[in-house]
Amino acid sequence: MSALSWLRLFLHTPVLWGIIQVLSLYTYIRYTPQVRSYVNRWAFQVSSSFHAFFHWLRRPWIALARVEELEVANAELMEALANLPKVQGPVSYPVGAWGDVSFMKNYKLHPVEVIYQTLHIRENFAILNQGGRAGIYPGLGVLSPKGAVGIIAETTATHSVMYALFHKDVHLSASLPRQQVMGLTSWKEPVLNRLLLEYVPLYVSVSVGDEVWTAPNSILFPAGIRIGQVKKVNTDFTRGFHAIEVATYTDWHALGPLYVLVPLSSAPSP
Amino acid sequence: MREVLYVFIGGGLYVSFQAGVVPLIEVSDIAWPMPYVLFWLTLPFHWNKGLSLSFAAGFGVLMDLLFPPHGLQTFCGLWIWGLRRWWIQLFNPNLPSEWEKDFSVSSLAPGEFFFYAFPLTFWHHTLYFTLAKWSLSVEVVLQIVLSSAYTFLWEWLIFELVLRRRHVRA
């Protein structure tokens with residue numbers, strides 16, 4: 001319709017009458033506070049009812065969208081749960097290090113701090129701020145919040161020297177808990193945060209991502225402390241054993257708080 | 001042209017009456033005389049509808065500017081202007097097609113004037129008091145009924161004393 005047609009339409013008396021009525025009623029409502037508040041309330045109720053009705057109509061689609069959102073969130077949570085040891089940040093208790101908590105009834109966790117650590121030599125070690133006076137003696141295991149770190153090698157009254165797992169002479173008796181077999185860790189290649197798990201028989205099926213824990217026959221650590229995950233399986237048929245690369249949970253470059261595992265029988269009485 | 005002058009004089013008189021006399025004679029806030037309604041009732045029927053509507057709306061706007069609640073006078077007054085033609089045709093189904101040319105409120109008999117003016121006045125008051133008080137309580141209904149009667153009394157007085165042409169029906 002052209003502008004002239006619209007003008008003609010508006011010049012019809014009933015249309016004009018309606019327009020004037022609407023304007024006058026609008027003026028009345030606009031400048032009368034009680035009426036305005038009532039009309040606003042009424043309009044709000046009407047719009048709320050409309051909204052509720054259309055929301056009711058859309059409920060199945062909203063539920064489907066919600067299910068999709070929850071599936072995505074669930075997948076993210078599951079992923080975070082799978083990568084729990086890799087989570088950065090302060091942890092006050094080494095929960096991540098426990099593959100099996102049964103050992104805790106025989107041990108006490110003694111918190112210590114690193115005051116010096118080597119950086120990438122063949123005999124990596126760290127100096128801890130607690131020693132024999134705190135009940136620490138050579139041969140005890142040391143944990144980080146993520147897993148096993150090393151063993152106490154020497155102590156003085158006030159300090160200790162911890163040999164890391166990344167030390168050419170440190171070997172841990174380790175196990176694959178899924179397959180229930182044992183092996184021995186060593187640090188042959190000088191790559192930090194990597195260990196070599198040897199002497200796992202060829203008939204054992206090992207997959208990338210399998211957990212590696214301390215073994216029950218270890219004399220340094222109790223069984224069930226997490227060490228790392230299988231990163232790569234190199235099978236040497238000439239030797240008859242797997243040579244498994246293990247990515248340790250503990251990051252030598254970000255040790256965080258450490259805990260010495262002290263057997264309860266030898267812990268000094270307060 | 002003379003009729004336009006009459007319309008202006010009538011409108012001025014109604015407004016003056018409403019502003020000056022009504023506050024003195026209102027009955028304890030339960031019945032209000034509003035004889036200015038007669039303005040919309042007596043606008044000539046044979047006028048061009050647009051012109052008539054302009055006068056009706058203009059008078060309503062004038063009343064709105066003078067008296068609160070603003071906006072309600074135009075709204076209720078235009079209802080009278082809109083319904084009065086239909087109302088006459090409803091009660092006089094045998095009117096000729098061009099009855100508006102000869103029709104004048106001043107030519108009505110007292111009984112015809114009552115049937116013409118009172119229902120429209122009542123409808124005006126129903127709209128006005130319901131919207132102004134924003135309720136439909138017993139008090140408001142009483143106010144509608146009593147004010148309609150009171151207003152019609154004044155309308156009838158003005159009709160008898162000023163408007164009615166007795167020689168037409170004599």
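## Asp210(A) and its salt bridge

Asp210(A) is buried in this predicted model, with a relative accessible area of 7%, where buried means under 20% relative accessible area, exposed over 50% and partly exposed in between, computed with a 1.4 Å probe on protein chains only. Its side chain meets that of Arg178(A) in a salt bridge of 3.0 Å, N to O, a salt bridge being a side-chain nitrogen of Lys or Arg within 4 Å of a carboxyl oxygen of Asp or Glu. The pair links distant parts of the chain, 32 residues apart, with Arg178(A) in the loop between β7 (173–176) and β8 (181–186) of chain A and Asp210(A) in the loop between β9 (194–201) and β10 (211–214) of chain A. Helices (H or I, at least four residues) and strands (E, at least two) are DSSP runs, numbered from the N terminus.

Residues are numbered from 1 along each chain as its sequence is written, chains are lettered from A and ligands numbered from 1 in the order in which they are written, and side-chain values use heavy atoms, with hydrogens and water left out.

## Other salt bridges

Over all chains, the structure holds 10 salt bridges. One of them joins Glu211(A) and Arg226(A), whose closest N and O atoms are 2.7 Å apart. This pair, too, links distant parts of the chain, since Glu211(A) lies in strand β10 of chain A and Arg226(A) in strand β11 (residues 226–236) of chain A, 15 residues apart. Glu211(A) counts as partly exposed at 21% relative accessibility, whereas Arg226(A) is buried, with a relative accessible area of 14%.

Side chains of opposite charge can pair when their charged atoms come close. A further salt bridge is found between the side chains of Asp169(A) and Lys168(A), at 3.4 Å, N to O, and Lys168(A) is partly exposed, with a relative accessible area of 35%.

## Nonpolar cores

The largest nonpolar core has 48 residues, and those with the most contacts inside it are Tyr36(B), Leu41(B), Leu43(B), Phe59(B), Phe113(B) and Tyr116(B); such a core is a set of buried Ala, Val, Leu, Ile, Met, Phe, Trp, Tyr and Cys residues joined through side-chain atoms within 4.5 Å. At least two residues of this core come from each of α2 (13–30) of chain A and α1 (2–25), α2 (37–42), α3 (49–66), α4 (72–91), α5 (110–133) and α6 (138–163) of chain B. Apart from it lies another core, of 45 residues, among them Met104(A), Leu197(A), Val204(A) and Leu261(A).

Ile80(B) is placed in helix α4 of chain B and counts as buried, at 0% relative accessibility. Leaving aside neighbours within four places in sequence, Ile80(B) is in contact with Val37(B), Trp40(B), Leu41(B), Leu120(B) and His124(B), contact meaning heavy atoms within 4.5 Å.

Ser52(B), in helix α3 of chain B, is also buried, with a relative accessible area of 1%. The side chains of Ser52(B) and Trp81(B) are joined by a polar contact of 2.7 Å, a polar contact being a pair of N or O atoms within 3.5 Å; within protein, one must be able to donate a hydrogen and the other to accept it, and residues adjacent in sequence count only if both atoms are side-chain atoms.

## Where chain B meets chain A

In the interface, 17 residues of chain B are in contact with 13 residues of chain A. The area buried between chain B and chain A is about 1,400 Å², of which carbon and sulfur atoms give 76%; buried area is the accessible area (1.4 Å probe) that two parts lose on being put together, summed over both. Leu53(B), Phe75(B) and Trp134(B) supply 42% of the area that chain B buries against chain A, more than any other three residues.

Between chain B and chain A the count is 0 salt bridges, while 5 residue pairs are in polar contact across the interface, both residues at pLDDT 80 or more. On the side of chain B that touches chain A, α3, α4 and α5 of chain B each supply at least two residues, and the largest share, 7 residues, comes from α4(B).

Conventions: Predicted model: local features only at pLDDT ≥ 70, side-chain atom pairs only at ≥ 80, totals over all residues.
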